[in-house]
Amino acid sequence: MANYIQRKQDVFLSFRGEDTRHGFTSHLFSALCNAKVETFMDDSMERGEQISSSLQKAIEESKVSVIIFSQNYAGSRWCLDELVKIMKCKQEQQQIVVPVFYEIETSNVRHQMETYKDAFKKHEERYKEDKNKIRKWRETLTEAANLSGWSSRNIRDESQLVKAIVGDILSKLNRMSPIECSNMVGIDSRFKKVESLLCMEDSQSVRMVGIWGMWGSGKTAIAKAVFDRLHTQFEGYYFLANVKEELKRHDALDLRSRIVSSLLGEHNKINLNMPDSNIFVKDRLGRKRVLVVLDDVDDFMQLQNLLGGNHDKFGGGSRILITTRDRKVLRGHIADGEIYEVERLSHYQALELFSLSAFGQNHPPADYMDMSIKVVDYCDSNPLALKDLGSSLCKKTIEEWQSALRRQYLNPYIQTLIRSSYDGLSSEAKNVFLDIACFFRGEDRSRIVNVLESCYPSADFIISRLQDRSLVTTSGNKMEMSLLIQKLGLIVVHEAEPGKYSRLRNYDEVSLSLKTPKGKEAIESIFLDIPENELDLEADVFKEMDRLRLLKFFVANSDKDNKRRVKLPHGLHSLSDTLRYIHWHRFPLNSLPKSFSARHLVELILPFSKIKELGLGKQFDFESLPKSIGQLPKLQFLSLSNCKRLQSIKELPSSLEILQVDECSLLESLFTNRNLRRLNLANCFMLDMKTHNNIIEDALFIIHHVSSKSRKERHQVQFLFPGSEVPKFFYDRSQEISVTKQLPMDCEQFKGIAFCVAFGLHESSSMQLRNMIKRETEVFLCKFSIKVRQGDELKLIYDSQVSYEASLVRSDHLLIWYHPCTEPFDGGSIQESYWLKPYYGQGASFEFSVTTQKSHLFPIQLVVKGCGILLLQNCDGNH
């Protein structure tokens, strides 16, 4: 970059004056100057014995040298000395050299033939005593002639030749130029990805490309970098910044007139209201290669109005670049493959960007490092937020930094940016957004959809729209939301009068609202991490809460403190019949209220409860689950983890998809429906043999049923339960960590793979350690890979993993799961060709391992003790 800044001009022209000064060279010089390319052309007619120091300096200070080889170029010793200097700069300074062969064959220059041969006869006579000079000239001519360049013999029309050379030089200069974006870390790699989508080498078609990302992600900076570097390759160009705001101040037709006038080089604004003028303007635009950037478009019609309908009206090779926060704007205009989703800065890039704003250097001082990392996490690596917060904290004390982090500072300007995306939502979408912001950030997307669809029928579609507007994202299947956007959601909730908040999530709010009668009618949701000082509630605490949909009392670190709970010393008289979701850690009573109607309930989670009666309008001994639970037609998720008195489950609702009953130490029998997707029976060691066999049979049935569905409808199935022997229906099984199997001959009939892994604690794990982890919950990662043999090596063709949250197992368990295997290993989409196709009929090795996410906290080792696979295929309609 230093060399780039020091160079004074873009192009140096080397030419033989008597051949081309007043013809071709003057035309090329004029075209370069018109393209705003700083060009050096030596106008002196008289020269001394050697090229001057000023001329040598001009060559050194140029980024590109253009050598115009003409008939008499080699006859000038000054031209040859220039050439030697130019080629030296190419070697030592990586200067770009562009040869132009004007009215001469390339071979004549390369091999010094015809006029070049005659010229060297004269040079040899003159420099008899300096044969090294002659040799150097010859070598340099040959070297330069071997470079890729331009020839007038190939492009006979001189104006077209000049145009092509100027375009080539502009392209080379653009690639050399640094991107000038203040403190924009990582801009180069993002520029290159957008440039590749623009397909600049295609000079025939008109392409429209979108840049999509959340507020402050750098969309405008990327678009500006693309414009600055590429605009000189077009005959007309225009950058319209902040389209949304511009359309508030100006009429769309007025803005379109401004764009068109600029593209056509008109100083006076063209009146597009005149029909005849419109036709002529359209014809002119159709003959011109243009670049148009529309920044921050937030509505489909804005594109229609500003572009005047179809973008194909522009000349061949034209490019239109759109930036937006809303992906929906681009649909219908741009194919998914032509949309660049702005990538999140890496942690190190984000830290560098923040440091540049806060400290004026690319890394924080040692005593500010920890707080700087917290800022990066809080800002979720958002460039605008990082720069803004960095500027705000610049030259502030450590105490001031700590204060800003404690109160989660949100700049009013950034708040306005996020708020504009929120304000554009429908009333129902705003409610879905607020539920996610207050309660469901980081939760499983499918579970969120199941719960919220019971409240808002179009919740799945709404969540997709929130993703389009960059308000939420998904990572794996987890619903994510940046802390800054979540902060906006909390601000919106707290705009209501204190004591009348619709969503409660901290102790002070919950305590105030539940212990006073005022404002209860406004409460829709309560999520409380139970505090150290236990919360005592009155029996009629939920009376008048007719809008209560979601209720969760939980302990975030339940493994560390088993005593925290919400107390009901006088019992519980009622619960709202509008409840869709109940999660109550250590529910303190023997039963739910008799009056409670659970007809709308979607999830019921009662971990560590000593409940004896479930209620549901009738009393039951909770040694078994009441049959009336089958009358809950919307229940999809049921968790009874750690219910120590539970002995049997005789009936489940047909709607249930997820059942968690791990750590139910007395559970003997279980009825499973055949719609289950996930079953967790970790450490349920009292299961009888009949139940054990039924679980295996049901797992097989469900796997076959799911695999028979269309590709898009197939989903994973996961069953975890005590056991050590891989079931026999896994025809290919082993007592090792891997099993071999021939891959199917016809991938079009391939429906996925069912796996079984037997695993447990390593023998070295002591009984003391097993007891220590008794109550610890964990996320298991069961990894599998598929390899085929190629020569002497095994080639990895598929690699995936399944995660499973459960109690840490204390003896051998079986994990059975079905994987649709619809996506190829290289990350291709579900619509792509079958990834197995290249490996038809080959023998493959399936390898397994089991680890835990907390393995760094507990010195335990899980080992695979057996495995099995079942390749699911459809043969003549049968599996």
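Between which two strands is the loop where Glu538 is found? Select β15 (535-536) and β16 (550-554), and you will see Glu538 in the loop between them. Helices (H or I, at least four residues) and strands (E, at least two) are DSSP runs, numbered from the N terminus.

Before moving on, a word on the model: it is predicted, with residues numbered from 1 along each chain as its sequence is written. Local features need pLDDT of at least 70, side-chain atom pairs count only at pLDDT 80 or more, totals for chains, interfaces and linings use all residues, and side-chain values use heavy atoms, without hydrogens and water.

Next, colour the open sheet of five strands, ordered β7-β8-β9-β6-β10 with parallel pairing. Strands pair if DSSP finds at least two bridges between them. At the edges stand β7 (236-240) and β10 (339-341), each with a single partner strand, so one side of each lacks a neighbour in the sheet. Zoom in on β6 (residues 207-212), which pairs with β10 over three bridges; there, Trp212 has Glu341 in β10 as its bridge partner.

Last stop: select Lys163 and Glu235, a salt bridge whose closest N and O atoms are 3.4 Å apart. The term means a side-chain nitrogen of Lys or Arg within 4 Å of a carboxyl oxygen of Asp or Glu. Lys163 lies in helix α9 (residues 158-176) and Glu235 in the loop between α11 (219-230) and β7, so the pair ties together parts 72 residues apart in sequence.
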